[in-house]
Amino acid sequence: MLDEKPWRADPVTMASARDAVVAAGVRAGRVEVDRNRLVLAEGQLRLGRDGCWYRFTRQGRAWGLDAGPVDDPDDLIDP
């Protein structure tokens with residue numbers, strides 16, 4: 001997943017994922033869809049080509065894998 005390049009995910013899948021993350025407690029204005037990524041203030045949730053979701057956080061100047069794989073992006077949201 002670390003080496004996977006951004007790709008254009010299905011817009012319906014990404015809209016559903018955004019809605020699930022908002023329902024999990026993230027303010028709608030703090031979630032941006034960018035290709036296969038949900039960009040949040042605290043990091044990114046990335047949809048892999050395997051259909052699973054992964055959480056990435058900044059680790060210095062790079063992005064590092066923080067959690068995943070999970071089936072639902074809202075499972076990566078801390079309550």
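Biologist: What makes β3 and strand β4 (residues 53-59) a pair?

Modeller: Two strands pair if DSSP finds at least two bridges between them, and β3 and β4 are joined in the antiparallel sense over four bridges, so they meet that definition. One of the partners is R55 in β4, which is the bridge partner of L45. This is a predicted model, in which local features need pLDDT of at least 70 and side-chain atom pairs count only at pLDDT 80 or more, while totals for chains, interfaces and linings use all residues. Residues are numbered from 1 along each chain as its sequence is written, and side-chain values use heavy atoms, with hydrogens and water left out.

Biologist: How do you know that β2 and β3 pair?

Modeller: Four bridges join β2 to β3, which run antiparallel, and L40 stands opposite G43 in β3. Strands here are DSSP runs of E with at least two residues, and helices are runs of H or I with at least four residues, both numbered from the N terminus. These two strands form a hairpin with two residues between them, whereas the hairpin of β3 and β4 has five residues between the strands, and there G51 takes a positive phi near 85°.

Biologist: Why are β1 and β5 called edge strands?

Modeller: The five strands form an open sheet in the order β1-β2-β3-β4-β5 with antiparallel pairing, and β1 (32-34) and β5 (62-70) each pair on one side only. On its paired side, β5 is joined to β4 by six bridges, and F56 stands opposite L65 in β5.

Biologist: What makes β3 mostly covered?

Modeller: Buried means under 20% relative accessible area, exposed over 50%, and partly exposed in between, with a 1.4 Å probe and protein chains only; five of the five residues of β3 are buried. G43, L45 and L47 point one way from the strand and Q44 and R46 the other way, and all are buried.

Biologist: Why is the largest group of 15 residues called a nonpolar core?

Modeller: A nonpolar core is a set of buried Ala, Val, Leu, Ile, Met, Phe, Trp, Tyr and Cys residues joined through side-chain atoms within 4.5 Å, and the largest such set has 15 residues, with V21, L38, L40, L45 and W53 having the most contacts inside it. At least two residues each come from α1 (11-23), β2 (37-40) and β3 (43-47), and the largest share, three residues, comes from α1.

Biologist: Which residues are in contact with L45, leaving aside its neighbours within four places in sequence?

Modeller: Contact means heavy atoms within 4.5 Å, and the residues in contact with L45 include V21, L38, L40, W53 and R55.
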